[in-house]
Amino acid sequence: MPDAKIFVPAPDRAPPLNTLGPVAWVRENLFGSVSSSVATLIFLYLFFSYVPPFVEWALINANWTGTDRSICEANTAGACWTFINVRLEQILFGLYFASKPDELWRPTLIFILFFALLLPLLFEKTPGKKWLSITLLGVFPVVFYFVVYGGSFGIPQSNTTQWGGFLLTFALAFVGILLALPIGILLALGRRSELPVIRSICVIYIEFWRGTPLITILFMASVMLPLFFPAGVEFDKVVRAMIGITMFQSAYTAEAVRGGLAAIPKGQAEAAMALGLGYWKRTIFIILPQALKISIPSIVNTFIALFKDTSLVSIIGLLDLLNMAQTAARSVEWRGYDIEGYLFAGFIYWAFCYGMSRYSQNLERKLDTNRRN
Amino acid sequence: MTTETHIESAELGDTIIKIDGLNKWYGQFHVLKDIDLHVKRGERIVICGPSGSGKSTLIRCINRLETHQEGSIVVDGIELTEDTKHINDVRREVGMVFQHFNLFPHLTVLENCTLAPIWVRKTPKREAEEMAMRYLERVKIPEQANKYPGQLSGGQQQRVAIARSLCMNPRVMLFDEPTSALDPEMIAEVLDVMVGLAEDGMTMLCVTHEMGFARKVANRVIFMDGGQIVEQNEPEEFFNNPQNDRTQLFLSQILQH
């Protein structure tokens with residue numbers, strides 16, 4: 001074909017000017033239509049009528065210093081953070097450590113160690129992340145046991161019934177998360193097993209624990225469990241709570257993981273089989289990495305729920321962060337400052353849960369290999 | 001189409017796949033009926049037929065992605081039974097390429113190729129990587145080795161899938177409609193790789209409707225319908241002189257366009 005036309009792509013032109021810049025953005029997004037404009041105005045009204053007074057009360061006029069309630073009673077226009085300041089050890093570490101100034105280094109050291117291990121993991125460029133993770137998940141709990149529980153190396157044994165505050169919340173959630181993930185993965189795999197016996201056991205386990213309220217499980221663990229064991233055999237109350245929480249949480253994690261497993265196309269397992277990979281190899285190298293990636297949002301969702309649900313241990317007489325803040329606000333010295341106590345506890349819960357949420361979003365983005373570049 | 005010359009085949013070796021009296025049911029549905037098929041080393045077989053005729057199921061039985069209820073399948077001297085060890089022994093020697101590629105999306109192209117050699121054949125990592133690069137060169141995409149499958153085109157993905165299978169040094173390659181999911185522009189690049197494999201003497205069973213490929217490469221073309229082998233012959237005879245009226249109808253339908 002000697003006379004074929006030559007194809008010349010048309011050049012790109014710049015977009016119209018009135019679709020660019022901040023003014024265009026505001027017009028487009030905030031005042032794009034009548035209903036949108038009304039919504040924007042209502043929101044602005046609510047924002048300015050509630051946020052500045054709260055900031056004034058919580059920050060600008062607040063009481064920060066002092067050692068007793070007299071300073072707060074003198075200035076009632078602001079929040080009484082003095083209360084939190086004075087009772088910080090009790091709210092963070094519980095009654096046992098708050099009552100023994102000599103032992104305060106133990107929970108303090110544990111939290112410093114935890115953050116020292118955790119923070120580097122959040123940055124992409126950190127070298128040796130694998131070893132840091134192994135230390136955090138494997139070595140840290142052991143250190144926690146010896147330092148906080150004590151009883152060896154000349155460290156006095158702490159009374160677990162007096163554990164409390166954020167330390168207890170942290171211990172329950174950490175153990176629950178750490179143990180529930182592997183157990184949950186095995187349960188989820190078992191639920192999809194071709195062997196009817198394994199499948200039934202996993203289904204029954206998951207449905208039983210998922211169908212029972214955590215508060216019932218904790219109550220049973222505390223009140224009923226001792227009835228099944230001979231007198232004298234006594235489980236630690238905190239251990240019982242940990243077992244109950246792990247059982248409960250693993251059922252939820254299993255269902256979150258199952259969702260991910262169900263989303264993996266059958267062709268993935270078939271391709272792995274065709275290459276001669278056996279069940280465990282294809283599960284570990286092919287199926288789980290993909291399934292867990294998909295289930296990150298729902299797994300983290302259950303972890304966040306667990307972190308907050310630990311406050312239900314108050315039913316068996318353990319005082320976690322929330323209950324300790326409440327207890328402190330009902331003491332004779334600080335009666336009436338419940339709001340500050342709740343706000344402080346709420347803020348700590350929020351900070352941890354938001355951290356988990358952000359980390360999971362980060363992880364999802366990092367593991368997304370489907371992006372084209 | 002007929003202008004392409006047929007690849008001359010070397011002398012065929014002994015029988016590597018022996019299928020005798022194979023029957024398979026999906027519940028009540030009788031999907032494979034009394035299949036007898038012997039494949040010699042170096043033989044290249046193209047299987048065609050209408051959808052639902054059992055052609056994919058047949059080749060999926062050869063590496064036990066599907067179980068059969070009656071008859072026997074012996075691959076390279078190993079009979080396929082419930083025995084998991086035997087199944088994995090067979091799968092190690094039989095490569096498979098799928099219609100939808102089935103690459104592992106969370107692994108790079110290179111990792112896709114080295115995973116099975118490292119964990120199944122226990123090949124040292126460096127050796128496995130060198131071998132993978134050789135096969136990626138052979139399918140003409142060594143420069144994509146560190147990309148993820150999601151960043152490649154369909155044709156490139158299918159070529160990686162072929163390289164991944166070759167890295168296990170299989171004795172037989174099964175192709176299950178390898179070009180059906182590809183855009184027309186990409187079919188040729190995949191078929192080229194498959195022709196190259198045929199030229200090197202690979203034993204191949206290929207479910208495909210690419211009749212040009214069949215004419216050029218196959219020693220034998222098999223036509224299946226209703227779970228049976230209706231007709232099989234050398235490609236020239238098969239296309240120019242089909243014996244069965246069902247075959248004639250099928251060929252007239254697919255060659256008209």
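Contact means heavy atoms within 4.5 Å. The exercises below concern a predicted model.

**Exercise 1.** Determine which strands of chain B the helix H1(B) lies across, and at what angle it runs to E1(B).

*Solution.* Step 1: locate the helix, which comprises residues 55-62 of chain B. Step 2: identify the strands; H1(B) lies across E1, E2 and E4 (70-75) of chain B. Step 3: compare directions; the helix runs at about 125 degrees to E1(B).

**Exercise 2.** Describe the open sheet of chain B and state which strands stand at its edges.

*Solution.* Step 1: write the order of the four strands, E2-E1-E4-E5, with antiparallel pairing. Step 2: find the strands with a single partner; these are E2 (29-40) and E5 (78-79), so one side of each has no neighbour in the sheet. Step 3: examine one pair; eight bridges join E1(B), residues 15-26, to E2(B). Within this pairing, Tyr26(B) stands opposite Phe29(B) of E2(B).

**Exercise 3.** Decide how many disulfides the whole structure contains, and examine Cys206(B).

*Solution.* Step 1: the search over all chains finds zero disulfides. Step 2: for Cys206(B), the nearest cysteine sulfur belongs to Cys48(B), 11 Å away, whereas a disulfide requires sulfur atoms within 2.5 Å. Step 3: Cys206(B) is buried, with a relative accessible area of 1%.

Notes
Residues numbered from 1 in each chain as written. Chains lettered and ligands numbered in written order. Predicted model: local features only at pLDDT ≥ 70, side-chain atom pairs only at ≥ 80, totals over all residues. Heavy atoms only, no water. Pairing = 2+ DSSP bridges. Helix = DSSP H or I, 4+ residues; strand = E, 2+ residues; numbered from the N terminus. Axes fitted to C-alpha atoms, helices over the stretch in contact; angles between N-to-C directions. Buried < 20%, exposed > 50% of the residue type's maximum accessible area, 1.4 Å probe, protein only.
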